Amino acid sequence: MQRAITDFAADQPFAQARSKLQEHYGLAIGESTIQRIVLAHAQAMFEAARAPRVFPEAPGRHKYIVAETDGGMIPIVEPDANQKDKRKGKKLLWKEAKISLAHPKGSRTPIYAATIEGGVEIAGRQLFECAVRAGFGAHSHVHAVGDGAPWIVGQVEERFGVQGAYLIDFYHVCEYLSEAAKAIMPDLAAQEAWMDAQEDALKTGRLENVLQRLASHREPPEVDDERAPVRRCRRYLSARRNQLNYRDALAKDLPIGSGEIESAHRYIAQQRLKLPGAWWRTDHADYMLSLRVTRKNGDWPAYWAALSKNRPTAANRNRPSVSQKSTA
C-alpha cells in the first residue's frame with residue numbers, strides 16, 4: 001500500500017493522492033500521513049543516490065555518450081526558525097534544480113539525476129554517474145551539449161577530460177545571431193536570408209566567415225553593450241570557438257541542440273514541483289526530485305523489492321503505518 005501511496009503522490013499533490021486512495025482503495029488516510037510516508041521513501045531514494053560509488057575501470061559499452069545538464073528554478077519556502085507559529089515569517093524564494101542526463105548515441109532512454117542543494121560539484125558527479133550507467137568507459141567519448149554556462153563547461157572538462165567535448169546549443173547561438181541580424185538588415189526578409197547564411201556557415205565549419213561578417217557591422221566603441229547586439233554576438237562566438245564544432249557533430253549524427261534536457265525539466269521537476277501554489281522546503285524538494293528520477297530511471301521496482309526483503313533503508317526504519325487514519 002505504501003508503494004501505491006508514494007506512486008500517487010509522485011505525480012500530484014498530497015491532497016489529490018488522498019482522494020485517489022479513497023477512490024481506488026477505500027482508504028481514508030490523512031494528508032499529513034501520506035506526506036510523511038512519501039517523504040520517508042523519497043529521502044531513502046535521495047540518500048541512496050548520494051552514497052559514494054566506486055566505478056571499476058571498463059572499456060565502455062558505447063563509443064559515443066550524449067550528456068546534457070541544465071538548471072531550472074524551483075519555488076522554495078524557508079520558515080523562520082525564531083517564529084513559534086510556523087505560518088509566520090516564511091521566506092519565499094527560488095532555487096536552481098540542476099538536472100543531468102546521459103544516454104548512448106541514438107538512444108531514447110536516458111539516465112537522469114537531479115540536485116538542488118548539492119551545488120556544482122554534486123551536479124558534475126551526477127553527470128559522470130549518468131554517463132557511466134549509460135555505458136561510458138575508457139574507450140568512450142562524451143558529447144556534451146548545453147547553453148554554455150561556465151559551471152557546466154567546467155564540470156564536463158573536469159569529469160571527462162580529453163574524453164569529453166562541449167558543444168553550445170545551436171539554437172542558443174542563433175538567438176545571438178538573430179539579435180545581430182535585426183541590427184544589420186533593414187527588413188524581415190533580409191534578416192531571414194542573412195540568418196540562413198550564417199547558420200549554414202556554422203554548420204559547415206566556416207565560423208571565421210561569420211566572425212568576419214559580424215566584424216564589418218560592429219558598433220562603434222562608444223556605443224554601450226546593451227545597444228550593441230552585433231558586438232555582443234561576435235564576442236560571444238569568438239570566446240567559444242572550440243565549442244562551436246557543429247560540422248563534426250552533424251557528421252557523426254550527434255545532436256547540436258539541448259532540447260532534451262529542457263524537456264526533462266518539464267517532466268521531472270516542473271510537473272510535480274511547480275504546481276500552482278506549491279512551495280517546498282529545500283530538502284523536501286530534493287527528496288521528491290530523487291523519487292521522480294528513481295521512477296524515470298527504471299529503479300522503482302528494485303527499490304520496493306529491497307523493502308520487501310527488509311533491507312535497511314531510511315524509509316523502512318521509521319516508516320509510518322498506513323493504518324494511521326486522519327480526517328485532516
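The side chains of Arg133 and Asp299 meet in a salt bridge, with 3.0 Å from N to O, where a salt bridge is a side-chain nitrogen of Lys or Arg within 4 Å of a carboxyl oxygen of Asp or Glu. Arg133 lies in helix α4 and Asp299 in the loop between α12 and α13 (300-308), so the pair ties together parts that are 166 residues apart in sequence. This is a predicted model, in which local features need pLDDT of at least 70 and side-chain atom pairs count only at pLDDT 80 or more, while totals for chains, interfaces and linings use all residues. Residues are numbered from 1 along each chain as its sequence is written, and side-chain values use heavy atoms, leaving out hydrogens and water.

**Salt bridges**
- The structure holds 16 salt bridges.
- Arg295 forms one with Asp7, the closest N and O atoms being 2.4 Å apart; because Arg295 lies in helix α12 (residues 282-296) and Asp7 in helix α1, the pair ties together parts that are 288 residues apart in sequence.

**Thr6**
- Thr6 lies in helix α1 (residues 2-11), helices being DSSP runs of H or I with at least four residues, numbered from the N terminus.
- Thr6 counts as buried, at 0% relative accessibility, where buried means under 20% relative accessible area (1.4 Å probe, protein chains only).
- Not counting residues up to four places away in sequence, Thr6 touches Ile37, Val38, His41, Leu291, Trp300 and Trp304, contact meaning heavy atoms within 4.5 Å.

Methods:
Helices (H or I, at least four residues) and strands (E, at least two) are DSSP runs, numbered from the N terminus. Buried means under 20% relative accessible area, exposed over 50%, partly exposed in between (1.4 Å probe, protein chains only).
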